[in-house]
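Subject: Structure for your files

Hello,

Here is the structure I promised to pass on. My notes follow below it.

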Amino acid sequence: MDKFIEVINLTYSYRPGNGNEVKALNGINMKVFKGEFLAVTGQNGSGKSTLARHFNGLLKPRSGNVLVGGFSILDKNRLAEIRKMIGMVFQNPDNQLVSSIVEEDVAFGPENLGLPPETIRSRVGWALETLNIENLRRESPNNLSEGQKQLVAIAGVLAMKPECIVLDEPTTHLDPRSRRELLEIIIRLNREEGITIILLTHFMKEVVFCDRMIVMDLGEIKISGTPHEVFEKTTEIVRLGLDFPVATQLAAGLRGKGLKLPGNIITTEELIAQLCLLK
Amino acid sequence: MELTKNITLGVYLPGETVIHRLDPRTKIIIASVLIILLLMIKSYPAYAVILTFLSAVIFMSGIPLSYALCGLKPMLPVLILMWVFQLFLYSNPDSKVIFSFWIFTATDSGMHMGNLISLRVIFLFTVTTILTLTTSMVSLTDGLESLLNPLRKFGLPIQELVMTMVIALRFVLILAEELDKIVKAQMARGVAFDRGNFIQKTKKLFPVFLPLFINAFKRAEELIVAMEARSYTGGKGRTKMKTLQMSRVDLGAGFVMLIFSAIVVLLIITIKPQI
Amino acid sequence: MPIEIKNLCHSYKKGTPFEKKVLHNVDLIINDGEFVGLIGSTQSGKTTLAQHFNALIIPQNGKVIINGCNTADKNAELIKLRQNVGYVFQNPDYQLFASTVGEDIAFGPKNQKLSPGEVNSRVLEAMEQVGLDYNTFYERDIFALSGGQKRRVAIAGVLACHPQILILDDVTAGLDPKGREEILTVIRKLHFEYMITIIFISNSMDEVARLVERIVVLDQGNIIIDGATRDIFNQAARLGDIGLELPEVMDITTKLRNKGFNLPQAVINIDEAIESISADLLERQVGD
């Protein structure tokens with residue numbers, strides 16, 4: 001796979017210089033590949049958001065660098081191009097919608113790109129269609145549920161036709177059902193539209209569908225690998241204050257009861273298949 | 001307690017009436033002319049003409065009258081206070097005394113002044129309410145931007161100002177709802193907002209406004225980041241999805257407004273002012 | 001201190017073109033010592049209903065009687081009532097305003113005009129109840145707290161008013177797994193150790209299944225199911241119909257049952273699932 005984002009020795013601290021400097025990122029090295037679904041997890045305050053905000057140059061590194069499609073985020077002349085490639089969706093949908101009408105909000109990004117009106121209209125239509133929210137076109141965000149608002153926010157990013165979408169804990173304010181629906185959409189955007197996805201989350205339910213994941217703690221990457229590889233590192237996961245997927249917890253409990261189950265079960269389907277073998 | 005219930009300013013009531021369909025620029029111009037006229041009027045007959053005009057507009061727009069006026073309710077105490085002030089404090093040389101007690105004297109010119117100022121406030125409020133109830137914020141700001149655009153030649157940041165307005169208006173409701181929750185959260189901890197003297201009451205607002213401001217700043221900060229991430233760098237190089245288009249209805253409305261203004265101006269010139 | 005709701009109706013923005021009915025003829029009784037989960041999808045009316053429990057909303061129609069006192073009564077002592085029925089909001093940022101933890105928790109007792117000594121002992125007690133060490137946290141800056149700690153301060157701020165009933169409105173939303181566990185542990189302790197009646201509002205079936213003894217399910221302003229936790233989960237199909245997600249363990253055991261496993265209907269937590277699955281499989285092996 002092609003390398004898309006490359007993070008080189010990145011460090012960042014908030015309030016540098018005075019007494020209460022907080023080191024948020026400490027020597028991060030990582031790569032994101034074109035078309036992959038990467039999950040970034042870790043407790044609140046582990047540095048996930050700070051890292052994500054470097055991907056499109058919203059924050060500038062104290063030292064080190066981030067390359068996006070070969071361009072450095074420190075290069076001011078390339079910033080507009082980088083932001084066009086990488087869309088971002090944030091935690092609270094209310095704080096990222098600009099306009100009081102859905103369709104106008106979705107148009108905000110393409111308008112900023114200076115596209116001609118017809119192109120903007122067709123992109124807005126396409127984005128709303130892709131996310132199945134055409135019926136909300138003329139609504140006001142104030143009348144929508146949190147889940148719907150978050151879909152509008154994603155549509156607004158999608159209309160800019162990014163190559164990669166970074167989602168910073170997008171399901172925090174959602175109820176469990178909207179959470180599942182949003183996840184399905186993210187997976188679809190990745191598989192059908194070929195969009196690179198970087199999902200920041202602390203819900204293990206959402207992590208199990210990714211291709212690769214990294215676990216952060218205190219501004220450093222502690223574990224990385226496929227979900228299967230990562231969830232086998234039981235003691236480390238516990239130490240980092242994270243959960244296990246329910247299927248993994250269940251499998252561990254059943255192994256304790258003397259059942260012969262493999263150690264790398266993370267999804268419901270895997271667990272059921274293995275249990276059926278024992279029957 | 002629902003704080004957002006009586007806020008009608010900035011609320012859009014969707015509809016398909018003629019008033020709704022007018023180009024926002026037409027509506028802004030008409031509203032501005034009405035406001036200028038209102039600031040010039042000093043006699044009751046002219047107000048009667050405006051009243052007729054506004055009644056017709058409200059009727060045509062399909063807004064329930066009670067709803068169009070309910071935004072005035074919270075302003076009522078201020079209006080009454082203002083009226084009383086005018087009644088006792090304003091007088092001109094040939095005014096007649098209605099009654100007096102202690103050091104206060106109420107004159108007829110004071111009463112007229114009070115009436116006219118109250119009417120002016122009520123009408124100004126109604127004009128802006130009708131405008132916002134029938135025009136979505138987005139088209140309102142589109143219209144404003146298009147009308148003010150010539151001023152950009154003088155270096156005024158029109159697009160940025162308009163964007164600021166769009167956002168402010170989007171957050172009015174959000175913050176009002178937030179205020180409602182904060183008030184309830186503190187009521188749940190035993191704050192009695194309706195008790196105590198002025199100083200005590202003012203002190204009680206502290207635990208309400210502090211969280212409100214902190215949250216508002218937090219929201220603003222997040223919004224700025226989100227806008228930046230969506231490639232916003234100010235008005236330069238921005239295009240618009242929608243382009244405004246005037247139609248025959250706008251022409252008609254302009255014509256009606258012209259005749260109406262002529263009548264009002266005529267009344268202003270010919271009728272001797274009440275004060 | 002029982003709460004009795006009779007025929008309660010409520011409309012949002014009543015009398016405006018935006019009027020929307022949120023509660024339809026709700027009847028409900030909550031008795032002393034209960035541990036109730038109030039559950040429903042977003043906009044089902046949970047919060048509106050719960051805010052009637054401590055007179056933050058006065059009924060438009062119908063009656064709310066708390067400890068024999070009708071909240072719509074002109075002589076009702078609402079301030080006193082709100083001390084007895086505590087309400088913790090979802091977002092602690094709506095509530096916290098003082099600069100230090102101790103100061104914020106003291107706000108409620110101070111409103112009750114207690115003596116400084118009494119206020120201090122209330123703060124001490126409330127901090128103990130939510131598991132915040134007095135010496136470490138009393139002077140701590142509120143803005144330097146983690147999400148889970150902030151929620152605990154918010155709960156302590158309400159506990160310091162000495163409520164007999166505590167309403168917790170979606171207090172785990174937005175927390176990471178560790179923060180969530182902290183809060184759930186505190187809630188359990190408040191009920192089982194300090195004997196506080198708890199009304200726990202949530203839209204997560206997982207949490208409710210792990211915590212409460214009785215569940216009230218709201219859908220579009222109507223109470224559609226009300227009963228003991230286990231009985232509720234026996235009606236899994238109905239819960240799915242109104243858009244609630246079943247606990248993940250239940251999803252797994254249901255799928256296993258369809259594959260021919262012999263498991264009970266309502267398996268609501270991981271321990272039960274481990275027990276019943278292993279029992280079934282071991283029995284089969286013995287049978288062979």
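In this predicted model, Arg137(A) and Glu103(A) form a salt bridge, their closest N and O atoms lying 2.5 Å apart; the term stands for a side-chain nitrogen of Lys or Arg within 4 Å of a carboxyl oxygen of Asp or Glu. Arg137(A) sits in the loop between α4 (117–130) and α5 (146–158) of chain A and Glu103(A) in helix α3 (residues 102–112) of chain A, so the pair ties together parts 34 residues apart in sequence. Helices here are DSSP runs of H or I with at least four residues, strands are runs of E with at least two, and both are numbered from the N terminus. Arg137(A) is partly exposed at 25% relative accessibility, whereas Glu103(A) is buried at 8%. Buried means under 20% relative accessible area, exposed means over 50%, and partly exposed is in between (1.4 Å probe, protein chains only). Both residues belong to a network of salt bridges that also links Glu104(A), Arg138(A) and Lys242(B).

Two notes on conventions. Residues are numbered from 1 along each chain as its sequence is written, while chains are lettered from A and ligands numbered from 1 in the order in which they are written. Local features need pLDDT of at least 70 and side-chain atom pairs count only at pLDDT 80 or more, while totals for chains, interfaces and linings use all residues; side-chain values use heavy atoms, with hydrogens and water left out.

Over all chains the count is 37 salt bridges. One of them joins Glu228(B) and Arg83(A) at 3.3 Å, N to O. This pair crosses between chains, from helix α9 (residues 198–229) of chain B to helix α2 (residues 79–85) of chain A. Glu228(B) is partly exposed, at 29% relative accessible area, and Arg83(A) is buried, at 7%.

Within chain B, Glu178(B) and Arg219(B) meet in a salt bridge at 2.7 Å, N to O. Glu178(B) lies in helix α8 (residues 158–187) of chain B and Arg219(B) in helix α9 of chain B, so parts 41 residues apart in sequence are tied together. Both Glu178(B) and Arg219(B) are buried.

On to the interface of chains C and A. Here 35 residues of chain C are in contact (heavy atoms within 4.5 Å) with 30 residues of chain A. The two chains bury about 3000 Å² between them, 64% of it on carbon and sulfur atoms; buried area is the accessible area (1.4 Å probe) that two parts lose on being put together, summed over both. Five salt bridges are counted between chain C and chain A. Glu269(A) and Lys255(C) form a salt bridge, with 3.9 Å between the closest N and O atoms. On the side of chain C that touches chain A, α7 (177–192), α11 (248–258) and α12 (270–287) of chain C each supply at least two residues. The largest share, 10 residues, comes from α12(C).

Last, Phe53(C), which is placed in helix α1 (residues 46–53) of chain C. Phe53(C) is buried, at 1% relative accessibility. Leaving aside neighbours within four places in sequence, the contacts of Phe53(C) include Ile3(C), Leu28(C), Leu81(C) and Ile167(C). Phe53(C) and Ile167(C) are 114 residues apart along the chain, and their C-alpha atoms are separated by 8.4 Å.

Regards
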